[in-house]
Each structure stands twice: as structure tokens, then as C-alpha cells.
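This report describes selected local features of one protein model. Please consult the sequence and structure shown here while reading.

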Amino acid sequence: TQRLLTLFDAQYQRIKQRHSAVTFADVTAAMARARTLGTLDAIGYRLDATLHHMLLDEFQDTSIPQWRALESMVREIVCVRPPQRTFFCVGDVKQSIYGWRTAAPEVLEEIPNLLRGADGSSAIELKTLFVSYRSSPVIMHAVNMVFGSLSTNAALSEFADARDSWLE
């Protein structure tokens, strides 16, 4: 099995290289290697000349290694105020579905704290959306009915910590 997987991986890497293809995992691994080799600052310096805006969607499904790969670039972007540079991050921790792929929704929750300036102020402006443009009113009504009564739902009384965390 090991020999088969080794041969498969070698072929897979050759095919990706031939087609100039990379996966998210490849980018994360390359950034981790760059950090280990001490070349991450050089990469950041080179990117700094062209990277002015970063937009990240579904950020609740970002893993810790992926955040570490992006963190120095994000910090560089947020140290300059808009409109010259912008960092736009969208996510909903309640929609995190990639735990099996090491998603860490707590990174999204901690973004304001992770990106605090030297003076302690956050470089991030949080905005909560109360209107959904993705779901119909009927679906939103059903979801609100189910989740709006969690605090009084007797079936959840033995799971009070989880319920309260969800409601928070």
C-alpha cells in the first residue's frame, strides 16, 4: 500500500506540475515551508508590491495552517487604511461544515483580536448582516422559528452549554 501511494503521489505531483495546477493544500504547504526556510518575509516583500486587496469568503472553513499562511499578508494589508488597501472577510461560524478538513471557525471569531494594532485597537470593522439575500423569506422564517426558541426548548436543557454557545 505504501509503495502504491508513493507511486501515485509521484505521478500526481508530475501531472500538477505539468499543468501548472495547485491545490489549497499546496499553497498552505508552500507557505509553511517558506516560513520554515526563512523566505516568507521575502515572499511577503515581493507580494507587497502588488497585493493591495484581499477578499476571503467562507472564512469559517479556514484551517489554522491556512490562516498562518495568510496571516502575515493580511497584517501587511490592514496596517494601511482603505482605500489604498482593504481586507474583506466574510463568514458565519454557524455555517462551518469542514471540521473533517480541520476547519477552525474560531479563527473567524478571533479575527478582530488577532489583528489588533500596537495601540490595542482593532484594524477590523465588524458588520453583522441581518438580511439574507441568499435564502427566500419562507426558509428564513422556518429557520428563525426553529432557532429563535432554543433558549426555551426543553430538549436542549441537558446541553445548556452548547445551546448557550450557539445562541451567543
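The largest nonpolar core has 17 residues, and those with the most contacts inside it are Met54, Phe59, Trp67, Val74, Phe87, Ile111 and Leu115. Such a core is a set of buried Ala, Val, Leu, Ile, Met, Phe, Trp, Tyr and Cys residues joined through side-chain atoms within 4.5 Å. The elements β1, α4 and α5 each give two or more residues to this core, and α4 provides the largest share, six residues. Helices (H or I, at least four residues) and strands (E, at least two) are DSSP runs, numbered from the N terminus.

The model is predicted: local features need pLDDT of at least 70 and side-chain atom pairs pLDDT 80 or more, whereas totals for chains, interfaces and linings use all residues. Residues are numbered from 1 along each chain as its sequence is written, and side-chain values use heavy atoms, with hydrogens and water left out.

Leaving aside neighbours within four places in sequence, Val74 is in contact (heavy atoms within 4.5 Å) with Met54, Trp67, Phe87 and Leu115. Gln66 belongs to helix α4, residues 64–78. With residues up to four places away not counted, Gln66 touches Phe24, Thr28 and Asp61. The Gln66 side chain also reaches the backbone nitrogen of Ser63 at 2.9 Å.

Most residues other than glycine have a negative phi. Two residues with positive phi are tabulated below.

Glu58 counts as partly exposed because its relative accessibility is 31%; buried means under 20% relative accessible area, exposed over 50%, and partly exposed in between (1.4 Å probe, protein chains only).

Technical notes:
Polar contact = N/O pair within 3.5 Å; in protein donor to acceptor, adjacent residues only side chain to side chain.
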